[in-house]
Structures are given as C-alpha cells and as structure tokens.
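Welcome! Keep the picture open while you read, and look up each residue as it comes along.

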Amino acid sequence: MEQEKKRVYTAIQPTNNLTIGNYAGTIRSWRALQSDYDCIFAVANMHALTVRQDPSVLRARTQSLVALYLACGVDPAQTIVYVQSHVPCHAELCWALNTVTYVGEMERMTQFKDKSAKHADNINMGLMDYPVLMAADILLYKADLVPVGEDQRQHLEIARDIAQRFNNLYSPTFTVPEGLFGKVGAKICDLQDPVKKMSKSCENPNSSVFLTDDKDTIMRKFKRAVTDSDSQVRYDPAAKPGVSNLLSIYSVFADKSIEESEKQFRGVGYGDFKLAVGEAVANRLAPIQSEQAKLLADKSYLDGVMKDGAERAQAIARKTLSKVYKKMGLYQI
Ligand code: ATP
Ligand code: MG
C-alpha cells in the first residue's frame, strides 16, 4: 500500500516585497518539496495586521505574493495555495489555543520584544498573539514539517508546546510539527549590519535586497555591503559576519556549497567578490520576476487559484476545528 505523504505547511506575511532572506530561508525549497510531500503554502495576511498596514497596499501585496509563489514553481493543481483570511478557522482555532497559552510565554518571544521596540506606539494584542495564530495555522492542517528560517525557530517551539499541552489536556488531537531548516541560508543577514537578520520591513533601503529589485539596484546594494578590514573571502560568521553572509547568499543563489564558494573566491578581492554575488542573485531573480509579472496580468486566474485553495484548505481545517471544539466542550448542533 502506498504510504500517505507527510504534510508540509508554511506561510509568509504580505508585509512588503520579499527579500532574498525570505527566498533563501524558505521559498526556494518549495518547488522540490512538492514531489515528496503534501504541501500547503499560505499568505499570512492576518499576521500582517499586527503592524500597521495601508489597506490598499496590503490587498495588492497579497495578490502579488500569490503570484510570486507560482513564479517560484509552486503548482496550484498539486499544492494548496491560499490566503489566511479566506479560511475563518484560523481565527477560531487561535481563540481556542489562546486559552492554553500563557501571557508570560508570549512576553518572552524575541520577535515580540523586537517588534514592540520597533513599533513602541502600537504594541497591540495581535502582536503578542502572533505565535498563537501561527500555531493555529500549522496545527489546523496537522502539518508534519514546517520549512521556515532560523528566526521562526522559537515560534515553532511554542507551536509544539501548545500542541503537546492541548493533547495532554484533552487527549491526542494535534500532530506535533517539526521545523525544516536549510543548512545554508536559514538566516540571511542585513547587508549594512550583518549581525542582524535581513527583514522585509527594515527601513534602510541598502539593508535588504528585494526580489523585485532590478539588476542595477541589486549590484549597487551588494557594492555597498559591509565587509571587514581583512581581505580574505572566508566563511567565519563570528569573526567575519559580512563576508560570511555574502558567501551564504552566493552559495544559495549560485547553487554551490560554502566550501566550493570559498575555494572559488580564494585570492579574489572583495570588490570582485561582491560583483559576483550580485550577478548570481540578479541572474536567479530575472526569470522569477518576469513570470510573476506575467501572472499578475491575469487577475481572474490568480483569484481562481486563491478561491480553489481556500476551499481545499477550509475542508481540512474545519474537520480539525470541529474536533477541537468537541473536545473542549463547546456545544455543537
Ligand atoms: P517582517 O519584517 O515583516 O517580519 P520577514 O522578512 O521577517 O518580514 P516573514 O513574513 O516574517 O518575513 O517570514 C517569512 C519567512 O521568511 C519565514 O519562514 C521566515 O523564517 C523567513 N525569513 C525571514 N527573514 C529571513 C532571513 N533573514 N533569512 C532566512 N529566512 C528568513
Ligand atoms: Mg518576520
């Protein structure tokens, strides 16, 4: 008998244009995952509301993120692609899981602390509840594996804790998910401050390379990337964070191991090394950008993908939610 495929679930927030960090940390692996796993890829637009958004921009970015998923090789005939707010079960399960999550746990989350410092005028309940909504996303679909970047490791741990706690309190219900982290590229750093992670919501335009950047912009950003006063292209994240970050980026975008990349740039000056990194990134992004533009011209096709995805997602999610409600004692008719 054919064994049932394991399920993969992940999501990205439509908070800005995506960076090469988002690509390296998660999206680049999606195409290949589809052949071995039952995949679900969502656009986390409800998570995006945890920091202020311009409503019309958020709507447009939601659509363009769906187009990007497809441009990166996601096949909607096989994989479920949907938008979080189209499946009401997420908000519903989040509420139920809030009752088995402690305020103290949420206050300790690194992302909550970072984003609270960054948005001191808007430390809203949603920002604190972000990990619980993320747990709801994953647990609704009984996902086995969650491909995310290093920055989401702590949230994934909490999702596992919440699943186990619920299972212990109410009897086994949820699959306890595992993170799927890449060996290289799971944490791409800021080009100007290479000990910080690259984020799509970073203010400094030279810090992040966006998947929508044209070649000139990409080359300019890499030329300005911070390195060190040494002159060796060598992978040593503690002593040489800038150069090591550039090596990781090169390794992801040129499809070479770190060792191969180090060897290739032995004796090469930083100037030429940075140009090669920029070239590799621009070359990889060009076909994705043109495919995304083509898809964005066909709005009704994209709406159809989202609608079909939401229906398929909702069917799975509703089953889990109904079990949860029953176990928790919510009266059902
Ligand atoms: P924001 O600043 O709005 O939080 P973000 O760049 O952190 O944006 P998210 O939507 O929060 O992006 O995360 C989407 C995915 O990208 C997650 O799997 C996350 O782990 C991954 N990711 C984010 N930043 C990086 C990075 N610098 N390197 C590798 N993976 C990353
Ligand atoms: Mg983030």
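**Strands, helices and a few buried residues**

Ile40 has Ile80 as its bridge partner in strand 3. Please bear in mind that the model you are looking at is predicted.

- Ile40 belongs to strand 2, which spans residues 38-43.
- Is Ile40 buried or exposed? Ile40 has a relative accessible area of 0%, so it is buried, the cut-off for that being under 20%.
- Setting aside residues up to four places away in sequence, Ile40 touches Arg7, Val8, Tyr9, Thr10, Thr79, Ile80, Tyr82, Tyr141 and Ile316.
- Arg165 is 125 residues from Ile40 along the chain, and the C-alpha atoms of the two are separated by 24 Å.

- Strand 2 is mostly covered, since five of its six residues are buried.
- On one side, strand 2 pairs with strand 1 in the parallel sense, over six bridges.
- Strand 2 is also joined to strand 3 by four bridges, and these two strands run parallel as well.
- Phe41 takes part in both pairings: it is the bridge partner of Thr10, and it stands opposite Val81 in strand 3.
- In a regular strand, side chains alternate between the two faces of the sheet.
- Strand 3 (residues 80-83) is covered on both faces: Ile80 and Tyr82 are buried on one side, and Val81 and Val83 are buried on the other.

**Helix 5 against helix 8**

- Two packed helices are described by the angle between their axes and by the distance between those axes.
- Helix 5 (residues 89-98) and helix 8 (residues 125-140) pack at an angle of about 115°, and their axes are 8 Å apart.
- The crossing of helix 5 and helix 8 is right-handed.
- Which residues meet here? From helix 5 come Cys89, His90, Leu93, Cys94, Leu97 and Asn98, while helix 8 brings Asp129, Val132, Leu133, Ala135, Ala136, Asp137, Leu139 and Leu140.
- Sorted by class, the contact of helix 5 with helix 8 has 10 nonpolar, two polar and two charged residues.

**Two buried loop residues**

- Ser208 sits in the loop between strand 5 (178-180) and helix 10 (215-223).
- With a relative accessible area of 1%, Ser208 is buried.
- The side chain of Ser208 reaches the backbone oxygen of Ser199 at 3.1 Å.
- Beyond its neighbours within four places in sequence, Ser208 is in contact with Thr19, Met198, Ser199, Cys202, Asp213 and Lys221.
- Thr15 is found in the loop between strand 1 (7-12) and helix 1 (20-25).
- Why does Thr15 count as buried? Its relative accessibility is 14%, and buried means under 20%.
- Contacts of Thr15, again leaving out neighbours within four places in sequence, are with Ala48, Gln53, Arg61 and Lys200.
- Ala60 is 45 residues from Thr15 along the chain, with 11 Å between their C-alpha atoms.

- Where is Gln292? Its place is in helix 13 (residues 270-296).
- Gln292 counts as buried at 11% relative accessibility.

Notes:
Residues are numbered from 1 along each chain as its sequence is written. Chains are lettered from A and ligands numbered from 1 in the order in which they are written. This is a predicted model: local features need pLDDT of at least 70, side-chain atom pairs count only at pLDDT 80 or more; totals for chains, interfaces and linings use all residues. Side-chain values use heavy atoms; hydrogens and water are left out. Axes are lines fitted to C-alpha atoms, for helices over the stretch in contact, and angles run from 0 to 180 degrees between N-to-C directions. A crossing is left-handed if the near helix is turned anticlockwise from the far one by less than a right angle, and right-handed if clockwise. Contact means heavy atoms within 4.5 Å. Ala, Val, Leu, Ile, Met, Phe, Trp, Tyr, Cys and Pro count as nonpolar, Asp, Glu, Lys and Arg as charged, and the others, Gly among them, as polar. Buried means under 20% relative accessible area, exposed over 50%, partly exposed in between (1.4 Å probe, protein chains only). Two strands pair if DSSP finds at least two bridges between them. A polar contact is a pair of N or O atoms within 3.5 Å; within protein, one must be able to donate a hydrogen and the other to accept it, and residues adjacent in sequence count only if both atoms are side-chain atoms.
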